[in-house]
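Let's take a friendly tour of this structure together, starting with the ligand and then moving on to charged pairs.

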Amino acid sequence: MRLDIVTIFPEFFDILDISLLGKARRSGLIDLAVHDLRDYTHDRHRTVDDTPYGGGAGMVMKPEPWGEALDEVLPQDPAGQQPLVIFPSPAGDVFTQAMARELSTEAHLVFGCGRYEGIDQRVFEHTATRARVRLVSLGDYVLNGGEVAVMAMIEAIGRLVPGVVGNPESLVQESHENGLLEYPSYTKPASWRGLDVPPILLSGNHGAIAQWRHEQQVERTRRVRPDLLES
Ligand SMILES: NC(=O)c1ccno1
């Protein structure tokens, strides 16, 4: 999987050199490049924003730097499947585990990190003439920019790329994978500060353990996220 990130804070993504994603990059499972939007400006101040047409508070990201950055990142003649360009936005489709799994099968994802009051609308329109474009939201709240959202999405998507997580079994019983929240987990010691591990987990009866875990998932989901049981 190829990942490109366009941002005015490239150093924000230095953390992607460590942990599972860093290992996936070194093994070649994931090819990631971060691009500084200011490298596509041509004035002394490396300007990426300007005042909004129609007035209003704040600044809007100029289209020209975005156009030149995406000229470099997107294939000029997309022979194969067009890349998917994702712009984090509170106005986007809500990011879910199902979406993460869907996106983990993409060959090339490009993430465009907006800042200020947002990106000139024509960037989305022009990019859609040469790639698939999706606005995606982490949830109903506003961040100062897209970088935090892109970090979360890359983590959620990257870990689902085959080979990134050592034991794929560990991906199966996670929250939201089967529409339910995960069951509670325990490890040694069997008793800690007067709190004991549920005896069923020490029974060695794998069938009974699986049943108990499913019951825990349903109970936790009903208590915390009843909406998941409606879908
Ligand atoms: N809710 C979000 O994903 C978001 C992205 C940028 N600002 O907010």
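A polar contact here is a pair of N or O atoms within 3.5 Å. Keep in mind as you read that this is a predicted model.

Ser137 uses its side chain instead, where an N or O atom is 3.3 Å from a nitrogen atom of the ligand. Taken alone, the ligand exposes 240 Å², and the protein buries 95% of that.

## The shell around the ligand

Where does the ligand sit? The space it takes is the largest pocket. The residues around the ligand include Pro88, Ser89 and Pro90, along with Ser137, Leu138, Gly139, Tyr141, Val142, Leu143 and Gly145.

Strand 5 (residues 84-94) gives the largest share of this shell, with three residues. Sorted by class, the shell holds six nonpolar and four polar residues, and no charged ones.

## Salt bridges

Side chains of opposite charge can pair when their charged atoms come close. In this model, the count of salt bridges comes to 14.

One of the salt bridges joins Asp31 and Arg2, whose closest N and O atoms are 2.9 Å apart. Asp31 belongs to strand 2 (residues 31-36) and Arg2 to strand 1 (residues 2-7), so this pair ties together parts that are 29 residues apart in sequence.

Note on methods:
Residues numbered from 1 in each chain as written. Predicted model: local features only at pLDDT ≥ 70, side-chain atom pairs only at ≥ 80, totals over all residues. Heavy atoms only, no water. Near = heavy atom within 4 Å. Polar contact = N/O pair within 3.5 Å; in protein donor to acceptor, adjacent residues only side chain to side chain. Areas by Shrake-Rupley, 256 points an atom, 1.4 Å probe, with all protein chains shown as cover. 1 Å grid on protein atoms, 1.4 Å probe; cavity = no way out; pocket = protein on both sides within 12 Å on 5 of 7 lines; lining within 4 Å. Sits in = over half its atoms within 2 Å of the grid points. Helix = DSSP H or I, 4+ residues; strand = E, 2+ residues; numbered from the N terminus. Nonpolar A, V, L, I, M, F, W, Y, C, P; charged D, E, K, R; others polar. Salt bridge = Lys/Arg side-chain N within 4 Å of Asp/Glu carboxyl O.
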